[in-house]
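Biologist: Could you take me through the reading of strands, pockets and ring contacts in a model such as this one?

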Amino acid sequence: RRMTTTTTAMSTTTTTRGVIGATHIARRDTASRRVAHPTKTSSSSLSLSASAKRRTRRPGTRASSSDDDVIDAMGAPGEDARAPEPAIATATAKASQPVEEKRRANVRRAESTDAVATFMTRRFGLKGGLAWLGVLTFGVVSEQLKTRRETREAIVNTRDVDASERREVSTAGGTSYVDVVVGGGERVAPQYLLAAHVEVKITNTGEVVFDTRKKGRQVVWSYGGRLGGAITRGVEDGVAGMRQGGRRVIKVPASLAFGDDGAVLGDNIVRPGTDLTYDVELTRVSIPPS
């Protein structure tokens, strides 16, 4: 009887182990197919695999970690197996936070561009800052009033020269001019910015080769500075002593114009050795910016 009982127990154990082994092989094959085709995994097959795992687990034992890892790696039905886990994304975000905080700490906070305003505000508080603002406002308003006064004086003091009073004046530089309008504004000085309407004619024929009024754009240059375009040494010699608002006709010899090289002014050509006549009206004479 003992031998029969022992033999029966051994055969039962062998049968159970065989069933368990077959179940594990079937589950491993199923998991492999799910990993290879994650989108085709169905919820029913996942539940069957889990239930089979519970049925084949012996009392008092724990499932192998490899099987759990395979089941966890498969994910939910329809879930992309390549998607990152939430825990990894959270860890990455936490790791980037110190870098972002350090970058923000290194950024210098912008202060006032006016050093005096910053000092007054820190030293005397809000009252100091408001006092300096008042000083700046007074300076701006006074400058605007000064500009308006100068413009008004330039208009009032500007006068036309009667034809009977016009006289041709020769300069030491070799040019000659006739004042048509005497300006009443700022006088031309070295490095001042000049804006003017300029008309250029060929002296012998009277042909107009350059006219800013037709183009709608004035000529601007620094007196005594770099020359270019229609402005030549003869023009600078001729505008000496003029004031804003004045108009003067200047005769420039070829040696003080474009000489033997000639020039191209817009669509017109000035031939070498050509004497020119300039009609210059100064619309603006201003101190250059510091």
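Predicted model: local features only at pLDDT ≥ 70, side-chain atom pairs only at ≥ 80, totals over all residues.

Modeller: Residues are numbered from 1 along each chain as its sequence is written, and side-chain values use heavy atoms, with hydrogens and water left out.

Biologist: Which residues of β7 make up its covered face, and which its uncovered one?

Modeller: In a regular strand, side chains alternate between the two faces of the sheet. Strands here are DSSP runs of E with at least two residues, helices are runs of H or I with at least four, and both are numbered from the N terminus. In β7, residues 247-252, the covered face consists of R248, I250 and V252, whereas R247, V249 and K251 form the uncovered one.

Biologist: In which sense do β7 and β10 pair, and over how many bridges?

Modeller: Two strands count as paired if DSSP finds at least two bridges between them. The pairing of β7 with β10 is antiparallel and has six bridges; R248 has V280 as its bridge partner in β10, and V252 stands opposite L276. β7 is also joined to β3, residues 176-182, by five bridges, again antiparallel, with Y177 partnered by I250. β10 in turn is joined by 10 bridges to the antiparallel β4, residues 193-202, where A196 has L282 as its partner.

Biologist: Is β10 mostly covered or uncovered?

Modeller: Taking buried as under 20% relative accessible area, exposed as over 50% and partly exposed as in between, with a 1.4 Å probe and protein chains only, β10 is mostly covered, since eight of its 11 residues are buried.

Biologist: How much space lies in the largest pocket, and which residues lie nearest its centre?

Modeller: Rolling a probe the size of a water molecule over the atoms shows where empty space is left. A pocket, on a 1 Å grid over the protein atoms alone, is an open set of points with protein on both sides within 12 Å along at least five of seven lines, and its lining residues have an atom within 4 Å of a point. The largest one holds about 330 Å³, and of its 15 lining residues K146, E150, E186, R284 and V285 lie nearest the centre. The elements giving two or more residues to this lining are α6 (126-157) and β10 (276-286), and α6 gives the most, with seven.

Biologist: Which charged ends sit over rings?

Modeller: The criterion is that NZ of Lys or CZ of Arg lies within 6 Å of the ring centre and within 35 degrees of the ring normal. The charged end of R248 sits over the ring of Y177, 3.8 Å from its centre, and that of R123 sits over the ring of F124 at 5.1 Å.

Biologist: Where are D162 and Q191 placed?

Modeller: D162 belongs to the loop between β1 (159-160) and β2 (168-170), and it counts as partly exposed because its relative accessibility is 42%. D162 and V180 are 18 residues apart in sequence, yet 7.8 Å apart in space, C-alpha to C-alpha. Q191 is in the loop between β3 and β4, and its phi is near 70 degrees, a positive value in a residue other than glycine.

Conventions
1 Å grid on protein atoms, 1.4 Å probe; cavity = no way out; pocket = protein on both sides within 12 Å on 5 of 7 lines; lining within 4 Å. Points joined across faces, edges and corners; volume = space filled by probe spheres on them.
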